[in-house]
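Let's take a walk through this fold together. Have the structure open beside you as you read.

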Amino acid sequence: MLRCSVCGGRDFTSAAVLWDGLATEWQLSPGERAYIDRQQGTACKTCANNLRSIALADAILAATGAPGPLREFVTSPAAGGLKILEINEAGMLSPVLRQMPGHVLAVYPAVDIHDMPYETSIFDLVVHSDSLEHVARPVCALAECRRVLRPGGWLCFTIPTIVGRLTRSRAGLPKSYHGNPADSADDYVVQTEFGADMWTYVIEAGFDSVTINTVSFPDATALSARRNL
Ligand SMILES: [Zn+2]
């Protein structure tokens, strides 16, 4: 039975969040649409985090070795010694992560993930959630995440992934937005539709290994990668 990695809750609500236009642009099968809807629209009744955020919370707990739930970890002495970089706000997880004393928030366009204004090797944890699909050069962005991590530090992130096909660029295709098309700016244009090979981007960026953390498959997965040296 599903348990919320953020607060420990066991009760969930579900709402469909995809719209027909996006499902068509993304060429989703009914089954794929259903699991993306669960990933984004099934949420904990207690803390309102969706499956995507819960998967990310789970990956952070696994990386740090904390027992969880995340809401308890962030105010613990162990979390107090960690320096964490959150790149763009990680949905409902952001207010939880901000409780960590060493929390730094980087938001586009003030901070560009391809070239961040931070020293090398200073963060214990770098986190982003459903951001990489909007980035022009994902491998470069992940390499920049690796650069700011100290050796032994972890990158934990989510990306919308269609697990039954390979990654494709949307270059040359009509513009697609994951936000509400009525109020989406070009900043939110989807550049890449990630598929089963999404892990190769992490290795190409210089990480030595990738872990795919699964709370529920394929609707709740998050990736983590450790900088070894
Ligand atoms: Zn919860």
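## A helix across the sheet

Helix α3 (residues 51-64) lies across β5, β6, β10 and β11, and runs at about 160 degrees to β6. Lying across involves contact, meaning heavy atoms within 4.5 Å. For the angle, axes are lines fitted to C-alpha atoms, for helices over the stretch in contact, and angles run from 0 to 180 degrees between N-to-C directions. The names come from DSSP runs numbered from the N terminus: helices are H or I with at least four residues, strands are E with at least two.

Before going on, note that this is a predicted model: local features need pLDDT of at least 70, side-chain atom pairs count only at pLDDT 80 or more, and totals for chains, interfaces and linings use all residues. Residues are numbered from 1 along each chain as its sequence is written, and side-chain values use heavy atoms, with hydrogens and water left out.

## The sheet itself

Six strands form an open sheet with mixed pairing, in the order β4-β3-β5-β6-β11-β10. At the edges stand β4 (103-106) and β10 (211-216), each with a single partner strand, so one side of each has no neighbour in the sheet. From one strand to the next, the twist averages 20 degrees.

| Strands | Sense | Bridges | A bridge pair |
|---|---|---|---|
| β5 (residues 123-129) and β6 | parallel | six | Leu125 and Trp154 |
| β6 and β11 (residues 220-226) | antiparallel | four | Leu155 and Ala225 |
| β10 and β11 | antiparallel | five | Thr214 and Thr221 |

How enclosed is strand β6? Seven of the 10 residues of β6 (residues 149-158) are buried, so the rest of the structure largely encloses this strand. Buried means under 20% relative accessible area, exposed over 50%, and partly exposed in between, using a 1.4 Å probe and protein chains only.

## The helix between two strands

β5, helix α7 (residues 138-148) and β6 make a right-handed β-α-β unit. Right-handed means that, with the strands pointing away from the viewer, the path from the first strand over the helix to the second runs clockwise. α7 lies across β3 (84-87), β5 and β6, at about 140 degrees to β6. Its buried residues include Ala141, Leu142 and Val148, and the buried residues of α7 pack against β3, β5, β6, β9 (192-195) and α8 (198-204).

Now for two loops. Ser131 sits in the one between β5 and α7, and it counts as buried because its relative accessibility is 8%. Leaving aside residues up to four places away in sequence, Ser131 touches Ile87, Asn88 and Thr158.

Glu119 is in the loop between β4 and β5. At 60% relative accessibility, Glu119 counts as exposed. Glu119 and Val148 are 29 residues apart in sequence, yet 6.3 Å apart in space, C-alpha to C-alpha. Again leaving out residues up to four places away in sequence, Glu119 touches Arg147 and Val148.

## The zinc site

Which residues hold the zinc ion? Its protein donors are Cys4 (SG), Cys7 (SG), Cys44 (SG) and Cys47 (SG), 2.3 Å from the ion. Donors are N, O and S atoms within 2.8 Å of the metal (3.2 Å for Na, K and Ca); water is not among the atoms, so sites may look incomplete. Along the chain, the zinc donors follow the spacing C-x2-C-x36-C-x2-C. The site is tetrahedral, with angles of 100 to 117 degrees among its four donor atoms; four donors count as tetrahedral if all angles lie between 85 and 135 degrees. Both Cys44 and Cys47 are buried.

Definitions and conventions
Pairing = 2+ DSSP bridges. Tetrahedral: all angles 85-135°; square planar, octahedral: opposite > 155°, others 65-115°.
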